[in-house]
Amino acid sequence: MGQSHSCEHATLTKEQLSDQLALRFLRHCFSDIEIYSFRDNFKSLAQETYSQDAPSSSASSPTPSSSSSSGAIPHPHKILYWAEDTLTRFLGLPDALAPIGPILYQSAAYLGAFPFEQDFAPVVLTFEALVKVVALTTGRHEKVLRKGHERSKKGGIDWVKMVWKSFAVWERELSAVMEKSNEEGSGSEGQMNTQPERVHEEEALFAIGDDEDDEDDESLTLAALDALDALETFNLSQIQENEKEQPKRIQKQSARIPIDNMRVIIMLLLLVAPLEPTQPIAVFVERFTVDGLASLKATAENTLRGFTSISEDGKKGIGWRVFKAAMERSMPYLFNGLSPLYEHLLFSKNVNMSSAATCPQRRPPSAASRTSPASPTNLMSPNILELTQPLLPSPGQILNVDTLCQISLFLPGFRLWRRLRPLYAGSSAGFSMGSFETHVLKWKAPTILLVSGNRMPSSPETAPERAFTNSLAQKKYPTSPDEGGERLVYGVYLNVPWKLSHKECFGDADTVLFQLAPVHEVFRASSSNKDYTHFNKTHGIAFGNQLPQHHAGYKSFSHSPERQHLNLGPVSLTFDEGLVYGVFNHVGDGGAFLRSDTRKVSGDRIWQDRFEIEEIEVWGIGGDKEAEEQRRQWAWEEREALLRRNINLRKDIEADRALLEMAGLIGQNRSGGSMG
């Protein structure tokens with residue numbers, strides 16, 4: 001019986017196996033109502049063409065035709081497909097992000113050829129091809145490929161590399177693209193290149209070789225063939241032998257994602273990061289204004305430097321090693337936004353989703369919300385803007401929607417969207433440790449601290465600058481490159497509540513130190529060193545430093561230039577007790593945070609950024625419950641303070657309370673949970 005099963009697969013071509021994989025995805029990865037909606041959306045917008053080739057088995061018609069099996073001359077048959085502009089209009093891709101349409105279509109044409117990309121990519125976007133695109137970009141493919149996933153040598157399916165290859169351009173074509181980009185850049189400085197990157201030599205584009213990471217691709221192919229029980233038919237050793245026989249010029253060709261393309265890709269991914277499957281991109285219409293696009297592009301530029309800062313070679317284009325290093329370290333969730341974007345295909349205007357249970361955690365669209373799939377403006381119901389809760393209650397000077405989406409590249413979005421509330425901002429609450437304590441302490445949930453500032457000159461110019469510089473170690477380190485300007489933005493995700501640090505630091509292994517501007521980079525917590533955070537009115541705020549110990553004759557920085565040197569951690573972020581100056585240190589290993597293993601400064605991975613603080617913001621992750629708990633805790637503290645001082649209020653309670661607040665004994669907004 002197993003022998004006949006094997007013989008059955010031996011008669012199938014790669015085209016037929018590819019279509020059978022699409023059929024397997026369709027049956028096991030989507031619900032009935034999603035399949036109906038998928039077909040309806042596809043057929044309503046599909047264009048027709050005719051082919052003389054014999055039709056293969058497909059997701060629409062899984063049984064091979066009798067003409068192909070009998071050897072008869074095939075007759076022309078109709079093929080339905082989506083063109084580039086159809087996909088662009090259906091997904092609602094904004095014109096402001098041009099040329100994202102051709103770039104995304106190139107990616108889909110590659111993913112649609114899975115698992116035989118080397119043979120067929122780029123493919124025409126038939127229904128079968130789109131089924132594979134949606135299954136791969138939404139992660140649903142794991143339901144079918146789980147068996148192969150468990151058997152593969154490396155134990156995982158490298159979907160990230162597959163996505164990189166889908167956007168990559170062959171090196172020879174890349175050089176022509178860069179020359180064209182440079183010519184256009186010199187003619188119109190500051191304008192984004194809006195010419196689509198088209199590659200006419202299809203075999204050259206998709207014959208992408210890599211000399212060390214081929215096993216990642218093999219695990220993908222193995223998983224797919226294993227799921228189809230076709231491993232014996234297309235054994236890996238034969239595939240490898242065929243690759244060795246290819247001309248070296250093809251086998252050794254490298255590929256990159258052009259810088260201009262990567263910039264636009266990042267802009268799209270930042271835009272759709274908080275998107276839900278039932279929402280059109282147009283729901284973020286405020287981000288398409290002149291100021292909104294400028295902010296989006298600036299955030300994308302900072303994120304792009306997370307790739308290009310890894311090596312000089314990265315400035316020519318994003319190769320696989322650079323791409324992999326940046327993704328693994330600093331932006332593991334970069335492509336998560338593709339999932340809700342492509343899930344738009346699973347919602348049809350002709351299906352009433354109000355009674356469907358396919359996506360219970362998300363708000364289903366009304367019938368009016370998708371009157372015409374081809375028109376992105378019609379995807380949005382008249383009241384969708386009013387019904388959509390803002391991602392942030394109100395933007396800060398540092399944190400806006402684009403910065404929030406940048407943070408979601410390394411912190412899961414479900415923790416962030418519509419769950420942040422402002423606790424402290426130095427510009428409004430005052431730059432003091434007391435004000436910081438009042439607004440931040442007692443918040444019994446995770447927080448995100450952000451700090452922005454301008455680099456201090458290498459030679460201090462004012463007395464406070466000299467005093468702060470003298471408090472640092474005498475050894476001088478180079479500053480990080482200023483390719484993005486003088487403004488720096490650092491941050492910390494703290495998974496535990498803040499507290500005063502008298503004897504020991506606090507925090508846990510989930511603490512994350514990161515930089516957002518001018519370069520995007522993440523510094524994960526070490527498990528060997530626990531000096532994650534300390535908050536002390538005498539020593540300031542620090543992440544990654546040992547807590548300084550009091551000693552006889554100690555004088556604080558604010559009163560004496562004779563203060564002992566700050567004991568900065570190898571990778572650390574430190575603010576002085578006046579919240580005036582800060583320093584980011586990156587000089588070695590062994591600290592509470594892991595050093596960068598990718599970014600080089602002056603030929604080494606050592607740098608130190610000293611800056612004058614412009615703004616500090618702390619955002620609480622939580623909701624009304626956490627805010628009410630914070631208010632309750634501070635109210636209790638006030639009552640206890642009054643009892644300890646044995647203060648008897650007279651009849652004029654309001655006057656006495658005002659006097660106590662002026663004395664600093666109670667109040668200071670301690671009864672309020674947040675700044676909002």
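Helices in this account are DSSP runs of at least four residues (H or I), numbered from the N terminus. The model examined is a predicted one.

In this numbering, histidine 141 lies in the loop that links helix 8 (127-138) to helix 9 (142-151). Residues under 20% relative accessible area are classed as buried, and histidine 141 therefore falls in that class, with a relative accessibility of 4%. When neighbours within four places in sequence are set aside, the contacts of histidine 141 are with Phe25, Cys29, Ala135, Leu136 and Trp159.

The packing of two helices was examined next. Two packed helices are described by the angle between their axes and the distance between those axes. For helix 10 (residues 159-167) and helix 18 (residues 320-330), the angle is about 130° and the axes are 11 Å apart. Helix 10 is therefore oblique to helix 18, and the crossing of the two is right-handed. On the side of helix 10, the contact involves Val160, Lys161 and Trp164, which meet Trp320, Phe323 and Met327 of helix 18. Classified by residue type, this contact comprises five nonpolar residues and one charged residue, with no polar residues.

Helix 5 (residues 84-91) contributes a further set of buried positions, namely Thr86, Leu87, Thr88, Phe90 and Leu91. The elements covering these buried residues include helix 3 (32-45), strand 1 (47-51), helix 6 (100-111) and helix 19 (338-342).

Note on methods: Residues are numbered from 1 along each chain as its sequence is written. This is a predicted model: local features need pLDDT of at least 70, side-chain atom pairs count only at pLDDT 80 or more; totals for chains, interfaces and linings use all residues. Side-chain values use heavy atoms; hydrogens and water are left out. Buried means under 20% relative accessible area, exposed over 50%, partly exposed in between (1.4 Å probe, protein chains only). Contact means heavy atoms within 4.5 Å. Axes are lines fitted to C-alpha atoms, for helices over the stretch in contact, and angles run from 0 to 180 degrees between N-to-C directions. Angles under 35 degrees count as roughly parallel, over 145 as roughly antiparallel, 65 to 115 as roughly perpendicular and the rest as oblique. A crossing is left-handed if the near helix is turned anticlockwise from the far one by less than a right angle, and right-handed if clockwise. Ala, Val, Leu, Ile, Met, Phe, Trp, Tyr, Cys and Pro count as nonpolar, Asp, Glu, Lys and Arg as charged, and the others, Gly among them, as polar.
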